[in-house]
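Please have the sequence and the model open. I will go through strands, sheets, cores and rings.

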Amino acid sequence: MSLGKKTNIYELVLVGDADRPGLPEIMRGVLVNAGLQEKDVIESRIDGRISVSSYFNVKRNAQKIEAKIRAGRLNKVAVRLRRLESRDWQNKWKEDFRPFRLTRRIDVVPTAYRHSYRPKGRKKIYIDTVLAFGTGLHETTSFMAKLIEETAGKFKNFLDVGTGSGILSLVAAFNGAEAVWAIDIDKSCVEVAQENFKANAYSSAQLKVADVGVWKTNQQFDFVAANLISDDLIRLKKKIFSLVKPGQYLALSGISLENFSKVKKAFAALPLRCVQIRQGSRWAAVLYQRTQRKTRT
Ligand SMILES: C[S@@+](CC[C@H](N)C(=O)[O-])C[C@H]1O[C@@H](n2cnc3c(N)ncnc32)[C@H](O)[C@@H]1O
């Protein structure tokens, strides 16, 4: 989405009670069912309320999605569409996005809180912009971050397939990755990741716009992280697998529970040992270790 000064931005937001079990997933699901992509939905919590928002350049597009959502009559969820002033838009994420605990050792800190949020003994990932998937608030990202942290010390180089905001590359760098490759099919995500790397004074990643399916490299990696939708994981499984060094790690996330057995079955055909599964109310992630055995892929 272009952020030029004269761009109109429309915010469609659903707001509900943060204590209501499963509500964030329901609200996200409603937006996705209405035609949005997961990556375009931003979740935030503030003062006991949870909100999921999406942003549009074209009012008519926002209104179409709003109409579908209102037709579904969500119980105890407020639906709001408003035009943001350029000033509001540039500051919006700063209001809604607060520091939070991502893993046992790492907090995510919006750069607006860089000077005010300084807990002792915690590592901090600064996020400068949330205009790509990967604030860390989504379960698929936090599962990945935890799997990476738990594998700390066992990998030197790391490949982030579908880097989005770049958050997983930063988690990997905090956990001992000496060399990081981050790719995304979407140029705007690569730009966002670049800004977030800069906010963390991190300049060691090789960041590229690339579709993993056709990405040409002779390298294999100690840890490959792919947080993609289930159908893409299945479609790209051979290519993703081929990027993992024998004996090393592959983490998959972005798997909705209804697709979990399909994904596990697809990857069961490859020489991989399941090391750990993380499962929530709607999503699952898996950590595999590639066996040493040489195979044709
Ligand atoms: C769910 S987001 C994950 C973002 C971040 N890695 C995280 O875990 O929060 C998936 C990302 O993968 C990217 N993507 C989708 N298909 C891809 C492909 N074939 N090759 C590379 N990136 C892809 C999307 O543009 C998006 O940024």
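Leu12 stands opposite Ser54 in β3. The two strands here are β1, residues 9–17, and β3, residues 49–56. They pair in the antiparallel sense over 8 bridges; pairing needs at least two DSSP bridges between two strands. Of the 8 residues of β3, 7 are buried, so this strand is largely enclosed by the rest of the structure. Buried means under 20% relative accessible area, exposed means over 50%, and partly exposed is in between, with a 1.4 Å probe and protein chains only.

A word on the source. This is a predicted model: local features need pLDDT of at least 70, side-chain atom pairs count only at pLDDT 80 or more, and totals for chains, interfaces and linings use all residues. Residues are numbered from 1 along each chain as its sequence is written, and side-chain values use heavy atoms, with hydrogens and water left out.

Now the overall count. The chain has 9 helices and 14 strands. These are DSSP runs numbered from the N terminus: helices are H or I with at least four residues, strands are E with at least two. Of the chain's 297 residues, 52% count as buried. Take the contacts between residues at least 6 apart in sequence: 66% of them join residues at least 24 apart. Contact means heavy atoms within 4.5 Å.

Next, β9, residues 179–184. How many of its 6 residues are buried? The count is 5, so β9 is largely enclosed by the rest of the structure. On one side, β9 pairs with β8, residues 157–161, in the parallel sense over 5 bridges. Val161 stands opposite Ile183 there.

Trp181 has Gln206 in β10 as its bridge partner. From β9 the chain crosses through helix α6, residues 187–199, to β10, and that β-α-β crossover is right-handed too.

Now an open sheet. It has 3 strands in the order β5-β6-β7, with mixed pairing. The edges are β5, 100–101, and β7, 123–127; each has a single partner strand, so one side of each is left without a neighbour in the sheet. β6, residues 106–110, pairs with β7 in the parallel sense over 5 bridges. Pro110 stands opposite Ile127 in β7.

On to the cores. A nonpolar core is a set of buried Ala, Val, Leu, Ile, Met, Phe, Trp, Tyr and Cys residues joined through side-chain atoms within 4.5 Å. The largest has 35 residues, and Leu102, Ile148, Phe158 and Phe223 touch the most other members. Leaving out residues up to four places away in sequence, Leu102 has contacts that include Val108, Ala145, Ile167 and Val171. A second, separate core holds 29 residues, among them Trp181, Trp215, Leu228 and Ile240.

Thr141 is in helix α4, residues 139–150. Is Thr141 buried or exposed? Thr141 is buried, at a relative accessible area of 2%. Beyond four places in sequence, Thr141 touches Phe133, Gly134, Gly136, Ile167, Leu168 and Asn227.

Last, the rings. There are 8 aromatic pairs. Rings of Phe, Tyr and Trp (its six-membered ring) pair if their centres lie within 6.5 Å; planes under 30 degrees apart count as stacked, over 60 as edge-to-face, the rest as tilted. Phe223 and Tyr249 have ring centres 6.3 Å apart and planes at 25 degrees, so this pair is stacked. Phe223 is in β11, residues 221–227, and Tyr249 in β12, residues 244–256; the two are 26 residues apart. Both are buried. Ring pairs link Phe223 and Tyr249 with Phe155 and Phe158 into a cluster.

Phe267 and Tyr288 are stacked as well: 6.1 Å centre to centre, 15 degrees between planes. Phe267 sits in helix α9, residues 260–268, and Tyr288 in β14, residues 283–290, 21 residues apart. Phe267 and Tyr288 are both buried.

Two charges sit over rings. That requires NZ of Lys or CZ of Arg within 6 Å of the ring centre and within 35 degrees of the ring normal. Arg114 has its charged end over Tyr126, 4.0 Å from the ring centre. Lys264 has its charged end over Phe260, at 4.2 Å from the ring centre.

How values were computed:
Right-handed = clockwise from strand over helix to strand, strands pointing away.
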